[in-house]
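The paragraphs below lead through one chain, from its overall layout to individual residue pairs. Please keep the sequence and the model open while reading.

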Amino acid sequence: MKEWISVFADSAVMAIDAAAVLIVAVGALEMFIACVRSVIHPSPTGRDLRDAYLRFARWLMAGLTFQLANDIIGSARAPSWEEIGRLAAIAFIRTFLNFFLERDIAEAGRFQLDADQPAPKPQD
């Protein structure tokens with residue numbers, strides 16, 4: 001029974017890892033394209049780049065969620081307290097990052113940029 005669970009967990013971990021990598025890679029590619037597009041054709045309001053950042057944050061949140069699921073499955077087959085502790089630390093860091101990404105998305109949703117209003121300039 002223990003061997004069967006280990007084989008299933010290893011297969012699930014591999015599949016979830018692949019999904020997480022794909023999710024983050026697609027999000028990074030989309031953000032890269034948006035950055036290049038904003039350099040070539042800058043938006044007067046900055047809304048395009050802000051919207052791209054929010055989409056990228058959502059991609060990262062999805063990837064982190066998959067990685068957290070991966071950590072939970074990995075802890076089911078962890079043989080030592082040292083490995084469990086390492087998995088717990090990684091899960092904590094990923095949860096921490098996810099929390100702040102969610103907060104950034106919620107905060108950005110409160111600030112609506114008008115299409116006619118130019119983006120604020122950085123202060124020196």
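This is a predicted model: local features need pLDDT of at least 70, side-chain atom pairs count only at pLDDT 80 or more; totals for chains, interfaces and linings use all residues.

Residues are numbered from 1 along each chain as its sequence is written, and side-chain values use heavy atoms, with hydrogens and water left out.

Some totals come before the details. The chain has 124 residues, and 23% of them count as buried. Buried stands for under 20% relative accessible area, exposed for over 50%, and partly exposed for what lies in between (1.4 Å probe, protein chains only). The chain exposes about 9100 Å², with carbon and sulfur atoms supplying 68% of that area; accessible areas come from the Shrake-Rupley method with a 1.4 Å probe, and for residues only the protein chains shown count as cover. Among contacts in the chain with a separation of 6 or more, 80% are made by residues 24 or more positions apart. A contact here is a pair with heavy atoms within 4.5 Å.

How do the axes of helix H1 and H2 cross? The axes of H1 (residues 2-40) and H2 come within 9 Å and cross at roughly 170 degrees. Such axes are lines fitted to C-alpha atoms, for helices over the stretch in contact, and the angles run from 0 to 180 degrees between N-to-C directions. H1 and H2 are therefore roughly antiparallel to each other, given that angles under 35 degrees count as roughly parallel, over 145 as roughly antiparallel, 65 to 115 as roughly perpendicular and the rest as oblique. Sorted by class, the contact of H1 with H2 has 22 nonpolar, six polar and three charged residues. In that sorting, Ala, Val, Leu, Ile, Met, Phe, Trp, Tyr, Cys and Pro are nonpolar, Asp, Glu, Lys and Arg are charged, and the others, Gly among them, are polar.

Side chains of opposite charge can pair when their charged atoms come close. The structure holds three salt bridges, a salt bridge being a side-chain nitrogen of Lys or Arg within 4 Å of a carboxyl oxygen of Asp or Glu. In one of them Arg-55 pairs with Glu-30, and the closest N and O atoms are 2.5 Å apart. This pair links distant parts of the chain, with Arg-55 in helix H2 and Glu-30 in helix H1, 25 residues apart. Arg-55 is partly exposed at 35% relative accessibility, and Glu-30 is partly exposed at 26%.

Another salt bridge joins the side chains of Asp-51 and Arg-47, at 3.5 Å from N to O. These two residues are four residues apart in helix H2, so about one helical turn separates Asp-51 from Arg-47. Asp-51 is partly exposed, with a relative accessible area of 24%, and Arg-47 is partly exposed with 30%.

Arg-94 forms a salt bridge with Asp-71, where the closest N and O atoms are 2.6 Å apart. Here too distant parts of the chain are linked: Arg-94 is in helix H3 (residues 81-110) and Asp-71 in helix H2, 23 residues apart. Asp-71 counts as buried at 8% relative accessibility.

Gln-67 is placed in helix H2 (residues 47-76). Is Gln-67 buried or exposed? With a relative accessible area of 15%, Gln-67 is buried. Leaving aside its neighbours within four places in sequence, Gln-67 is in contact with Asp-17, Ala-20 and Arg-94.

Two further pairs can be located by their C-alpha atoms. Ser-75 is in helix H2 and is partly exposed at 33% relative accessible area. The C-alpha atoms of Ser-75 and Gly-85 are separated by 9.3 Å, and these residues are 10 residues apart along the chain. Val-7 lies in helix H1 and is exposed, with a relative accessible area of 53%. Val-7 and Arg-77 are 70 residues apart in sequence, and 9.6 Å apart in space from C-alpha to C-alpha.
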